[in-house]
Amino acid sequence: MTVAAPRRTAPEVTLRPMADADVDAVRALDALVQPTPWSEDFLRGQLADPDGRTLLVAEGADGTPVGHAALVVVADEGHVTSIAVDPALQRHGIGATLLAALCRDARDRGLTAMTLEVRTSNEAAIALYRRFGFAPAGVRPGYYTDPDGTTTDALVMWVHDVDDPAFLRTIGEPLREDQH
């Protein structure tokens with residue numbers, strides 16, 4: 001599916017399922033934005049369970065991966081485990097496009113809620129998640145450990161009722177007649 005990312009003069013991106021051939025590019029993107037990127041083995045393991053996970057890649061017009069996102073299904077809830085965008089293209093709507101796709105996937109799977117953790121210092125990501133209705137629910141002290149051994153707290157955020165009309169409007173979904 002091709003989606004024009006909202007806000008600013010955003011590049012057009014194409015979202016598609018992540019494939020085994022994307023692992024190196026995804027790890028390279030992660031290395032640009034995260035102190036401790038996912039390992040190759042971890043990513044390949046995630047790809048081995050398509051029924052319990054959604055892994056997406058956002059490609060630029062030239063086919064180069066410019067972002068990725070992941071959702072893990074836990075019972076009737078979705079856990080957003082990753083959203084990463086090339087730093088040169090951040091704040092152009094690609095992260096929002098990826099998050100909206102994960103939210104639509106959660107709704108399509110019949111999930112009732114979604115959760116995620118985000119560094120308490122990542123104000124831009126927190127603002128994005130709030131726009132989608134995610135609300136703070138607590139803090140996990142020392143959740144993230146950086147290569148130098150320092151730790152950072154994680155803000156735990158939730159959105160409930162992912163089939164609610166207000167949430168569906170947030171992710172740009174048309175409402176059924178009985179939802180207006």
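In the predicted model, Phe 42 is partly exposed, with a relative accessibility of 33%. Its ring is stacked on that of Trp 38, the two forming an aromatic pair at 4.2 Å centre to centre with 15 degrees between the planes. Trp 38 is also partly exposed, since its relative accessible area of 29% falls between the limits of 20% and 50% set for that class. A second aromatic pair joins Tyr 143 and Tyr 144, in an edge-to-face arrangement. Here the ring centres are 4.9 Å apart and the planes stand at 90 degrees. Tyr 143 is partly exposed at 38% relative accessibility. Across the whole structure, the search returns 3 aromatic pairs.

Phe 167, by contrast in accessibility, is buried, because its relative accessibility of 5% is under the 20% cut-off. Phe 167 belongs to helix H5, which covers residues 165-170. Once residues up to four places away in sequence are set aside, Phe 167 touches Cys 103, Phe 132, Val 159, Asp 161 and Val 162.

A charged residue, Asp 105, is located in helix H3. Asp 105 counts as buried because its relative accessible area, 18%, is under 20%. Beyond its neighbours within four places in sequence, Asp 105 is in contact with Thr 54 and Leu 71.

The largest pocket contains about 1000 Å³ of space. Its lining draws two or more residues from each of strand E5 (77-85), helix H3 (94-108), strand E6 (113-119), helix H4 (123-131) and strand E7 (135-145). Strand E5 contributes the most, with 7 residues. In total, 34 residues line the largest pocket. Those nearest the centre of the pocket are Ile 83, Val 118, Asn 122, Ala 125 and Tyr 129. By residue class, the lining of the largest pocket consists of 19 nonpolar, 10 polar and 5 charged residues. Helix H3, one of the elements that give two or more residues to this lining, is also the helix in which Asp 105 is found.

How values were computed
Residues numbered from 1 in each chain as written. Predicted model: local features only at pLDDT ≥ 70, side-chain atom pairs only at ≥ 80, totals over all residues. Heavy atoms only, no water. 1 Å grid on protein atoms, 1.4 Å probe; cavity = no way out; pocket = protein on both sides within 12 Å on 5 of 7 lines; lining within 4 Å. Points joined across faces, edges and corners; volume = space filled by probe spheres on them. Helix = DSSP H or I, 4+ residues; strand = E, 2+ residues; numbered from the N terminus. Buried < 20%, exposed > 50% of the residue type's maximum accessible area, 1.4 Å probe, protein only. Contact = heavy atoms within 4.5 Å. Phe/Tyr/Trp six-rings, centres within 6.5 Å; stacked < 30°, edge-to-face > 60°.
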